[in-house]
Amino acid sequence: MKKTTAAITAVGAYVPEFVLSNKVLETMVDTNDEWITTRTGIKERRILKEENQGTSFMAIKAAEDLIAKRGLDPLEIDFVLVATATPDLPVAATAAYVASEIGATNAFSYDLQAACSSFLYGMSTASSYIESGKYRKVLLIGADKMSSIIDYTDRTTCIIFGDGAGAVLFEANDEGLGLQDEHLRTDGVGRQFLKIEAGGSILPASEETVRNKQHFVNQDGKSVFKFAVSNMADVSALVMERNGLTHEDVNWLVPHQANKRIIDATAKRMGLEHDKVMINIHKYGNTTSATLPLLLHDYEKQLKKGDNLIFAAFGGGFTWGAIYLKWAYNP
């Protein structure tokens, strides 16, 4: 009997209209286009400016894009998983609201938070539900409104992040396509290097925490970069080795878009040429949970059934990992 695998069968995306370019950032903080581009590879990022709109707004748009392209009946969706580090509200699950708004009223739903690795971990979760045989259609959405937790007077973080959302549909496959292998890791030492200090159970919100800007992302860039470069490259190479893949066998690297230098280091370790690496960091910056599905959306027309894809991500926590997936359809 053939093993049932979980394959991606549709992709959708949404990015806000407002473009925050490096030139605009030059007027906001002490930085310049050349410095940002050289160190990060980012030229611009999208920002959600609409009032009273949060992560769910973009998640819904991405889901609706997928549903329209696929001609999918939302009532057929069994499970809606929203990978996000910026939920609408601290308690009420963003995924529950998203599912209701898109008409997936037969689905159960919840949020998954693993910082920039959220979507990668969500892929593992979604595929496990499919492989169990209990569910047929799982909608995985990666969405983050990073502008809501960024201090735009802090030049070390405001140049990096943007807003956006992407969605994929996982379904059962009996052709041996879909998710093949994964290696996911965590290390709590990273908690001190990338965090939001206040707003949680240790340091609840107060006038003092707001005044001290402790509700914004704070990171030790050098430490995060060092950990990310080595760990993303290591797990990607490990997954290749474990599955007997050479650089010639890998059609695409789908890397988290945090920093162009981290992406380049991972590709070099895997022995991949530039034309096998998905990149859109120059357009969107780091959209956290949305980077991987946005890449799939931007490169969907170049993908072919049977292509070998290696997904890799690194995020706060620290969280990181790699997934080997065979693409299941032609555009």
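Is Thr288 buried or exposed? With a relative accessible area of 2%, Thr288 is buried (under 20% relative accessible area, with exposed meaning over 50% and partly exposed in between, for a 1.4 Å probe and protein chains only). Thr288 sits in the loop between helix H9 (281-284) and H10; helices here are DSSP runs of H or I with at least four residues, strands are E runs of at least two, and both are numbered from the N terminus. The model is a predicted one, so local features need pLDDT of at least 70 and side-chain atom pairs count only at pLDDT 80 or more, while totals for chains, interfaces and linings use all residues. Residues are numbered from 1 along each chain as its sequence is written, and side-chain values use heavy atoms, with hydrogens and water left out.

Most residues other than glycine have a negative phi, and most peptide bonds are trans. Thr288, though not a glycine, has a positive phi of about 55°. Ala115 is not a glycine either, and its phi is positive at about 55°. Ala115 belongs to the loop between S5 and helix H5 (118-131) and is buried, at a relative accessible area of 16%. As for the peptide bonds, the one from Gly317 to Phe318 is cis, with omega near -5°. Phe318 is part of the loop between strand S12 (308-315) and strand S13 (319-326).

The buried residues are Thr291, Leu292, Pro293, Leu294, Leu295, Leu296 and Tyr299.

Two helix pairs are worth a look. Helix H3 (residues 55-70) packs against helix H4 (residues 94-101) at an angle of about 45°, and their axes are 10 Å apart. Axes are lines fitted to C-alpha atoms, for helices over the stretch in contact, and angles run from 0 to 180 degrees between N-to-C directions. H3 and H4 are therefore oblique to each other (angles under 35 degrees count as roughly parallel, over 145 as roughly antiparallel, 65 to 115 as roughly perpendicular, and the rest as oblique). Their crossing is right-handed, that is, the near helix is turned clockwise from the far one by less than a right angle. On the H3 side, Ser56, Ala59 and Ile60 meet Thr94, Tyr97, Val98 and Glu101 of H4, where contact means heavy atoms within 4.5 Å. By class, this contact of H3 with H4 has four nonpolar, two polar and one charged residues (Ala, Val, Leu, Ile, Met, Phe, Trp, Tyr, Cys and Pro count as nonpolar, Asp, Glu, Lys and Arg as charged, and the others, Gly among them, as polar).

In the second pair, helix H7 (residues 221-242) and helix H8 (residues 260-270) pack at about 30°, with axes 9 Å apart. H7 and H8 are therefore roughly parallel to each other, and their crossing is right-handed. H7 brings residues including Phe225, Met232 and Met240 to the contact, and H8 brings others, among them Arg261, Ile262 and Arg269. By class, the contact of H7 with H8 has 10 nonpolar, two polar and three charged residues.

Tyr110, in strand S5 (residues 108-112), is partly exposed at 28% relative accessible area. Tyr110 and Val82 are 28 residues apart in sequence, yet 6.5 Å apart in space, C-alpha to C-alpha. Not counting residues up to four places away in sequence, Tyr110 touches Phe79, Val80, Leu81, Val82, Ala95, Thr125 and Tyr129. With Tyr129 there is also a side-chain polar contact of 3.2 Å (a pair of N or O atoms within 3.5 Å; within protein, one must be able to donate a hydrogen and the other to accept it, and residues adjacent in sequence count only if both atoms are side-chain atoms).

Thr86 lies in the loop between strand S4 (79-83) and H4, and counts as buried at 5% relative accessibility. The side chains of Thr86 and Asp144 make a polar contact of 2.7 Å. Beyond four places in sequence, the residues that Thr86 touches include Thr55, Ala143, Lys145 and Ile149. Ser147, in the loop between strand S6 (137-145) and strand S7 (163-173), is buried too, at 14% relative accessibility.
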